[in-house]
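Try each task before reading its solution.

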Amino acid sequence: MSKMTGKEPSKALYETILQLRDADECYRFFQDLCTVSELRAMEQRYDVAVLLEKGMIYNDILEKTGASSATISRVNRSLNYGVNGYKDVFAHQAELAAAAEEA
């Protein structure tokens, strides 16, 4: 059940995202789906998550990304107490990087 609305999330969106063929197609889909400010907010939160995962401190992240301390704190809370979405992505990226090095 969705934490935000109390109703089951529609899986159609997530299944559609999984069907996108490449980064360009994904970018175009999100351009149509979201407003510019929604996209920038998601991009910024992801950038913050990457930097937190690398061990960067709040002040440096704020300076590098322009994210507010509230945004950094929210992302940090998700990294530490969320449903492991960020951690799953980072683990998958590490697996892909390791496989690419072996190839």
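**Exercise 1. Find what share of the protein chain is buried, then describe its overall build.**

Step 1. Of the 103 residues of the protein chain, 17% count as buried, where buried means under 20% relative accessible area, exposed over 50% and partly exposed in between, with a 1.4 Å probe and protein chains only.

Step 2. A word on the ground rules: this is a predicted model, in which local features need pLDDT of at least 70 and side-chain atom pairs count only at pLDDT 80 or more, while totals for chains, interfaces and linings use all residues. Residues are numbered from 1 along each chain as its sequence is written, and side-chain values use heavy atoms, with hydrogens and water left out.

Step 3. The protein chain has six helices and zero strands, in the order α-α-α-α-α-α. These are DSSP runs numbered from the N terminus (helices: H or I, at least four residues; strands: E, at least two).

Step 4. The C-alpha trace spans about 45 × 40 × 25 Å along its principal axes. Carbon and sulfur atoms hold 54% of an accessible surface of about 8,000 Å², computed by the Shrake-Rupley method with a 1.4 Å probe.

Step 5. Take the contacts (heavy atoms within 4.5 Å) between residues at least 6 apart in sequence: 31% of them join residues at least 24 apart.

**Exercise 2. Locate the salt bridges and describe the setting of each partner.**

Step 1. Count the charges: the protein chain has 12 positive and 16 negative side chains, with Lys and Arg as positive, Asp and Glu as negative, and His and the chain ends not counted.

Step 2. There are three salt bridges, each a side-chain nitrogen of Lys or Arg within 4 Å of a carboxyl oxygen of Asp or Glu.

Step 3. Glu 25 pairs with Arg 21 at 2.8 Å, N to O. Glu 25 is buried at 15% relative accessibility, whereas Arg 21 is exposed at 71%. Glu 25 lies in helix H2 and, not counting residues up to four places away in sequence, touches Gln 19 and Leu 20.

Step 4. Asp 24 meets Arg 28 at 2.4 Å, N to O. The two are four residues apart in helix H2 (residues 23-33), so about one helical turn separates them. Asp 24 is partly exposed at 47%, and Arg 28 is partly exposed at 43%.

Step 5. Arg 40 and Glu 43 form a salt bridge with their closest N and O atoms 2.8 Å apart. Both lie in helix H3, three residues apart. Arg 40 is partly exposed at 40%, and Glu 43 is partly exposed at 34%.

Methods. The place of a charge is taken as NZ of Lys, CZ of Arg, CG of Asp or CD of Glu.
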